[in-house]
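Subject: Structure handover

Hi,

Here is the structure I promised to pass on to you. Please open it alongside this note.

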Amino acid sequence: IASILALGLVTLSQAASAADAKNGKAVFDKLCVICHAVSNAPGGPVTGPSLVNVVGRKAASVPGFALYSPALKASKLTWDVKTLDEFLTMPMKKVPGTMMPMMIPDPKERGDVIAYLGTLKGK
């Protein structure tokens, strides 16, 4: 089992290092920006929470965002690379009852989006 886990971490690490944040922004702009903001400035989409500082953040934890599903609130997830990858592959499978409808089935595009999300830093 340890060798399988190690292989998975190596594969995930290779995918992360090969990810293209610039392409991830293009995919994000096509699929995600309609619901999610990429800044903490007032205005912008309100259907989904801001994704500033999402990597490493606890799920359903943006202060003031009131539209989290009960399922996501109860998930106890932390948005690390692995969890984001699993969630974006098929949100309803990872968190049954989530309101997140968009999936990114292509592993390369998903890795690129996750790399882009890692660039979204703010206060």
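First, the ground rules. This is a predicted model, in which local features need pLDDT of at least 70 and side-chain atom pairs count only at pLDDT 80 or more, while totals for chains, interfaces and linings use all residues. Residues are numbered from 1 along each chain as its sequence is written, and side-chain values use heavy atoms, with hydrogens and water left out.

The core

The largest nonpolar core has 23 residues. Such a core is a set of buried Ala, Val, Leu, Ile, Met, Phe, Trp, Tyr and Cys residues joined through side-chain atoms within 4.5 Å; buried means under 20% relative accessible area, exposed over 50%, and partly exposed in between (1.4 Å probe, protein chains only). Phe28, Trp79, Leu88, Val113 and Leu117 have the most contacts inside this core. Two or more residues come from each of helix H2 (21–31), helix H4 (81–89) and helix H6 (107–117), and H6 gives the largest share, with four residues. Helices here are DSSP runs (H or I, at least four residues), as strands are (E, at least two), numbered from the N terminus. In soluble globular proteins, nonpolar side chains tend to be buried together.

Leaving aside neighbours within four places in sequence, Leu117 is in contact (heavy atoms within 4.5 Å) with Phe28, Leu51, Val54, Val55 and Leu84.

How H2 meets H6

H2 and H6 pack with their axes 7 Å apart and at an angle of about 100°. The axes are lines fitted to C-alpha atoms, for helices over the stretch in contact, with angles running from 0 to 180 degrees between N-to-C directions. The two helices, H2 and H6, are therefore roughly perpendicular (65 to 115 degrees; under 35 is roughly parallel, over 145 roughly antiparallel and the rest oblique). On the H2 side, the residues that meet H6 are Ala21, Asn23, Gly24, Lys25, Val27, Phe28 and Lys30; on the H6 side they are Glu109, Asp112, Val113, Ala115, Tyr116 and Leu117. By class, the contact of H2 with H6 has seven nonpolar, two polar and four charged residues.

Aromatic pairs

The structure holds three aromatic pairs, counted when ring centres of Phe, Tyr and Trp (its six-membered ring) lie within 6.5 Å; planes under 30 degrees apart are stacked, over 60 edge-to-face and the rest tilted. One of them is the tilted pair of Phe28 and Tyr116, at 5.4 Å centre to centre and 55° between the planes. Phe28 lies in H2 and Tyr116 in H6, so this pair ties together parts that are 88 residues apart in sequence. Phe28 is buried at 1% relative accessibility, and Tyr116 is buried at 8%. Phe65 and Tyr68 have ring centres 4.8 Å apart and planes at 70°, so their pair is edge-to-face. Both Phe65 and Tyr68 are buried.

Loop residues

Ala60 has a positive phi near 60° although this residue is not glycine. Ala60 is in the loop between H2 and H3 and is partly exposed at 21%. Lys76 also has a positive phi near 60°; Lys76 sits in the loop between H3 and H4 and is exposed, at 76%.

Asn53 is in the loop between H2 and helix H3 (70–74), and is partly exposed at 28%.

Best wishes

Methods:
Ala, Val, Leu, Ile, Met, Phe, Trp, Tyr, Cys and Pro count as nonpolar, Asp, Glu, Lys and Arg as charged, and the others, Gly among them, as polar.
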